[in-house]
Amino acid sequence: MRYSKEHKQETHARIVKKASVRLREKGAHGIGVADLMKEAGLTHGGFYAHFDSREALVIEAFAYAMDRSVEHWRKIADETPPEKRLPAIVDSYISTVHRDDPGRGCAVPTLGAEIARESAKTRKAFAAKLEQLIDVMADQILDVPRKTARRQAMGTLATMMGTLVMSRVAGSGELSDEILLAGREAALTRAEAKPAVKKARAKVN
C-alpha cells in the first residue's frame with residue numbers, strides 16, 4: 001500500500017516525538033530502534049523508510065526536545081514583564097516538576113554526557129541547539145552589552161543544568177530539594193550580577 005506524502009510526514013513526526021520522550025527518559029543508548037518503532041505503532045522494518053540511521057533519529061529527537069525548550073522560554077518571556085522574565089524562566093526550570101519528569105524536560109541534563117561521546121555530526125547539531133538556548137537566555141539579561149549578556153547566560157545555564165543533574169542524582173527527598181533551592185539562588189545571582197568595572201589607574205607624575 002502506498003501512503004500519501006502527508007501521511008508519511010505525520011508518521012515521521014510521531015516517531016520523532018515518541019523517540020524524544022523515550023531518549024530523555026532512558027538515555028541515547030537506553031532504548032533500541034525496535035522499541036521506539038513499536039511505541040510509535042510501527043514495525044522495525046519501517047524505520048529506514050524514515051531515517052538513514054539511528055544517529056539521524058537521535059539528532060532529530062534531540063532537536064525536537066530542544067526546540068520545545070526554546071518555545072517554552074519564549075512563551076514565558078512573552079507573558080511576563082521584562083524584569084521578571086529571567087526569574088520566571090529559572091523558576092520553571094529549577095523545579096520539582098522538571099526534576100521528576102525528565103522525559104518532557106530539557107534534553108541537556110538527560111542526554112548531554114552521552115551526546116558528548118557521539119560523532120562530530122551529532123555534537124555539532126547538539127551545540128547549535130544549545131546556542132539557541134543561550135541566546136534566548138541572553139535576551140532576558142537587560143542593561144548590559146550583548147557579549148556580556150551571552151557570557152552571563154552561559155554561566156546561568158550551566159548552573160541551572162548542573163542543579164537539575166545533581167537534584168536527580170539525589171532522588172526526590174530533602175537533599176534534592178535543598179539542591180534545587182541552592183541552585184535557583186545561585187542561578188539568579190549569577191544572571192543578575194553586574195559586570196565588574198575596571199578602574200583606570202591614575203597616572204602618577
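**A covered helix and its neighbours**

Author: Helix α6, residues 107-115, is mostly covered, with seven of its nine residues buried. Please keep in mind that this is a predicted model. The buried residues of α6 are Ala107, Val108, Pro109, Thr110, Leu111, Gly112 and Ile115. Their cover includes α1 (5-26), α3 (54-78), α4 (82-93), α7 (120-139) and α8 (146-169).

Let's step into one of those covering helices. Leucine 133 lies in helix α7, and its relative accessible area is 0%, so leucine 133 counts as buried. Beyond its neighbours within four places in sequence, leucine 133 is in contact with Met66, Ser69, Val70, Trp73, Cys106, Leu157 and Met161.

Now for the aromatic rings, where the count comes to two aromatic pairs. Phenylalanine 62 and phenylalanine 126 are stacked, at 4.2 Å centre to centre and with 10° between the planes. This pair links distant parts of the chain, since phenylalanine 62 is in helix α3 and phenylalanine 126 in helix α7, 64 residues apart. Phenylalanine 62 is buried at a relative accessible area of 4%, and phenylalanine 126, at 10%, counts as buried because the cut-off is under 20%.

Tryptophan 73 and tyrosine 93 form an edge-to-face pair, 6.1 Å centre to centre with 70° between the planes. Tryptophan 73 lies in helix α3 and tyrosine 93 in helix α4, so the pair ties together parts 20 residues apart in sequence. Both tryptophan 73 and tyrosine 93 are buried. Tryptophan 73 is also among the contacts of leucine 133.

Note on methods. Residues are numbered from 1 along each chain as its sequence is written. This is a predicted model: local features need pLDDT of at least 70, side-chain atom pairs count only at pLDDT 80 or more; totals for chains, interfaces and linings use all residues. Side-chain values use heavy atoms; hydrogens and water are left out. Buried means under 20% relative accessible area, exposed over 50%, partly exposed in between (1.4 Å probe, protein chains only). Helices (H or I, at least four residues) and strands (E, at least two) are DSSP runs, numbered from the N terminus. Contact means heavy atoms within 4.5 Å. Rings of Phe, Tyr and Trp (its six-membered ring) pair if their centres lie within 6.5 Å; planes under 30 degrees apart count as stacked, over 60 as edge-to-face and the rest as tilted.
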